[in-house]
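I opened the model to look up how its aromatic rings pair and how its nonpolar side chains group. My notes follow in the order I made them.

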Amino acid sequence: RPLSTAHGAVRADAIAAFVTQDGAVVPKTQILYTWDVDGNRQDTLSGFGRSSVVVSPPFYDKPFALSVTATSRDGALVASNTTILVPHAPSLVIYETSPLGGLHDAHAIQGVFPFNTSEVSFMAYPLHARKYEQSTVAWDLNGEPVELDTGDQRLAIFKKVNSGSGQFSVGVSIQNIDAFLDRVSTGV
């Protein structure tokens, strides 16, 4: 499953396989599921047959405990479990892409990237961003904004215009007005 996001929802499913002493399987609808988030009972999420929940992190990127207790209607069978969920803040990964080779997604670009050709294309991929489709992507070269004409905001093409060598910094940022916590930037 994908990692949970710091501002998104997490779906959890409890699987209780209760069998009575006479070998009868207890139906899911006859099991009381009691859900807790950080030790606080979630009455609106709990109930008979409510084996699935959708919860959001109580505080942005802080780990939290999600617990469930399953109890048969007569109280003779009880099982419980707790898991710690660690939400992840959004991040960006940059890959090189080429017309013939496509996306070089085996190696993310980090640190220094040798610019040995006359042109290089970078593709930015947001991770753990909730609404990427509604996000704005901005590229910069040495801190100056770069105008894109690629049709895809995630793709930036850089071309050498002069001979010689030098060192340049490339940055990319993604932000979402509707999900203000979906802001992240990185660079090479």
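I started with Tyr95, which is buried at a relative accessible area of 16%. The model is predicted, and I read it as such.

I then looked up Tyr125 and found it partly exposed, with a relative accessible area of 26%.

I counted ring pairs next and got 4 aromatic pairs.

I went on to Phe113 and Phe122. Their ring centres are 5.2 Å apart and their planes stand at 80°, so this pair is edge-to-face. Phe113 is partly exposed, at 24% relative accessible area, whereas Phe122 is buried, at 3%. I traced the ring pairs onward and found Phe113, Phe122, Trp139 and Phe158 linked into a cluster.

I also checked for charges over rings: the charged end of Arg73 sits over the ring of Phe48, 4.0 Å from its centre.

Last, I looked up the cores. The largest nonpolar core has 17 residues, and Ile31, Tyr33, Trp35, Val53, Val55 and Leu66 have the most contacts inside it. Strands S1 (10-13), S2 (31-37), S5 (52-55) and S6 (64-72) each supply at least two of its residues. Apart from this core I found another, of 14 residues, including Leu92, Ile94, Val120 and Phe158.

Technical notes:
Residues are numbered from 1 along each chain as its sequence is written. This is a predicted model: local features need pLDDT of at least 70, side-chain atom pairs count only at pLDDT 80 or more; totals for chains, interfaces and linings use all residues. Side-chain values use heavy atoms; hydrogens and water are left out. A nonpolar core is a set of buried Ala, Val, Leu, Ile, Met, Phe, Trp, Tyr and Cys residues joined through side-chain atoms within 4.5 Å. Buried means under 20% relative accessible area, exposed over 50%, partly exposed in between (1.4 Å probe, protein chains only). Helices (H or I, at least four residues) and strands (E, at least two) are DSSP runs, numbered from the N terminus. Rings of Phe, Tyr and Trp (its six-membered ring) pair if their centres lie within 6.5 Å; planes under 30 degrees apart count as stacked, over 60 as edge-to-face and the rest as tilted. A charge sits over a ring if NZ of Lys or CZ of Arg is within 6 Å of the ring centre and within 35 degrees of the ring normal.
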